[in-house]
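Here is a short briefing to read alongside the model. Have the sequence and the 3D view open, and let us walk through the structure topic by topic.

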Amino acid sequence: VKFVSPSERIVPMKQDNNGYWKALVENIYPGARYFYRLDNERERPDPASHFQPDGVHGLSQIIDHSSFKWTDGDWKVIPLHEMIMYELHTGAFTKEGTFDAIIPALDYLNDLGINAIEIMPVAQFPGVRNWGYDGTYPFAVQNSYGGTDGLKRLVNECHKKGIAVILDVVYNHLGPEGNYLRDFAPYFTDKYKTP
């Protein structure tokens with residue numbers, strides 16, 4: 001793994017008995033950016049990254065999930081049979097196309113009787129606006145929408161206003177752009193064909 005910021009540092013990894021490559025890295029903090037160097041020639045983002053601040057081809061960034069201060073401690077789950085859902089496309093719902101820009105509209109949704117929003121897929125995808133069905137980083141929240149903290153702020157505010165949040169996710173396929181999994185291992189096969 002090669003850390004690029006805040007300072008450049010290469011950390012060799014060792015393969016364990018199960019074939020996974022690992023390294024224990026000290027003195028690396030949230031905000032550090034890195035990529036994997038494969039076979040000493042190709043540099044690739046982390047396919048399990050939690051944040052891709054510069055998109056699908058950029059460096060991965062370490063984030064601290066525990067740093068977000070949740071204030072929705074009184075949230076109670078809404079029973080499914082009571083939910084009135086509104087499917088929401090983050091990139092198209094507001095002019096800004098961000099999680100933060102949705103927050104001021106929550107009272108409007110409440111006035112409509114909405115008590116649950118279903119957000120179109122937000123896993124990192126190429127570009128700034130997309131339906132989200134060709135994401136390539138299933139653990140990273142789309143950077144142009146506000147990333148992980150933006151999504152947390154939206155969920156927190158929704159809960160404070162009595163609105164549940166449902167994430168539309170796609171785990172059965174990946175988009176082609178920014179998909180570097182073939183460089184990491186033989187994850188794909190031609191064995192199965194779909195019509």
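Contact here means heavy atoms within 4.5 Å. By that rule, and not counting residues up to four places away in sequence, lysine 2 touches Glu8, Arg9, Ile10, Arg33, Tyr34, Phe35, Arg37 and Glu43. This is a predicted model, in which local features need pLDDT of at least 70 and side-chain atom pairs count only at pLDDT 80 or more, while totals for chains, interfaces and linings use all residues. Residues are numbered from 1 along each chain as its sequence is written, and side-chain values use heavy atoms, with hydrogens and water left out.

- Lysine 2 sits in strand S1 (residues 2-5); helices (H or I, at least four residues) and strands (E, at least two) are DSSP runs, numbered from the N terminus.
- Is lysine 2 buried or exposed? Lysine 2 is buried, as its relative accessible area is 12%; buried means under 20%, exposed over 50%, and partly exposed in between (1.4 Å probe, protein chains only).
- Its side chain makes a polar contact of 3.4 Å with the side chain of glutamate 8. A polar contact is a pair of N or O atoms within 3.5 Å; within protein, one must be able to donate a hydrogen and the other to accept it, and residues adjacent in sequence count only if both atoms are side-chain atoms.

**Nonpolar cores**

- The largest nonpolar core has 18 residues, and Phe99, Leu106, Ile117, Val122, Leu151 and Leu154 have the most contacts inside it. Such a core is a set of buried Ala, Val, Leu, Ile, Met, Phe, Trp, Tyr and Cys residues joined through side-chain atoms within 4.5 Å.
- Helix H2 (99-102), helix H3 (106-112), strand S9 (116-119) and helix H4 (147-160) each supply at least two residues of this core, and H4 gives the most, with four residues.
- Leaving aside neighbours within four places in sequence, leucine 151 is in contact with Phe99, Ile119, Val122, Val141 and Leu167.
- A second, separate core of seven residues includes Phe3, Val11, Tyr36 and Leu38.

**Salt bridges**

- The count comes to 10 salt bridges, where a salt bridge is a side-chain nitrogen of Lys or Arg within 4 Å of a carboxyl oxygen of Asp or Glu.
- Arginine 33 pairs with aspartate 54, their closest N and O atoms being 2.6 Å apart.
- Arginine 33 is partly exposed at 23% relative accessible area, whereas aspartate 54 is exposed at 51%.
- Aspartate 183 and arginine 42 meet in a salt bridge through their side chains (4.0 Å, N to O). Aspartate 183 is in helix H5 and arginine 42 in strand S6, 141 residues apart.
- Asp39, Arg42, Arg44 and Asp183 are linked in a network of salt bridges.
- Within helix H4, lysine 160 and glutamate 157 lie three residues apart, about one turn of the helix, and their side chains form a salt bridge (3.2 Å, N to O).

**Backbone details**

- The peptide bond from serine 5 to proline 6 is cis, with omega near 10°, and proline 6 lies in the loop between S1 and strand S2 (9-10).
- Asparagine 27 has a positive phi of about 60° although it is not a glycine; asparagine 27 is exposed, with 58% relative accessible area.
- Aspartate 39 has a positive phi too, near 55°, and lies in the loop between S5 and strand S6 (42-44).
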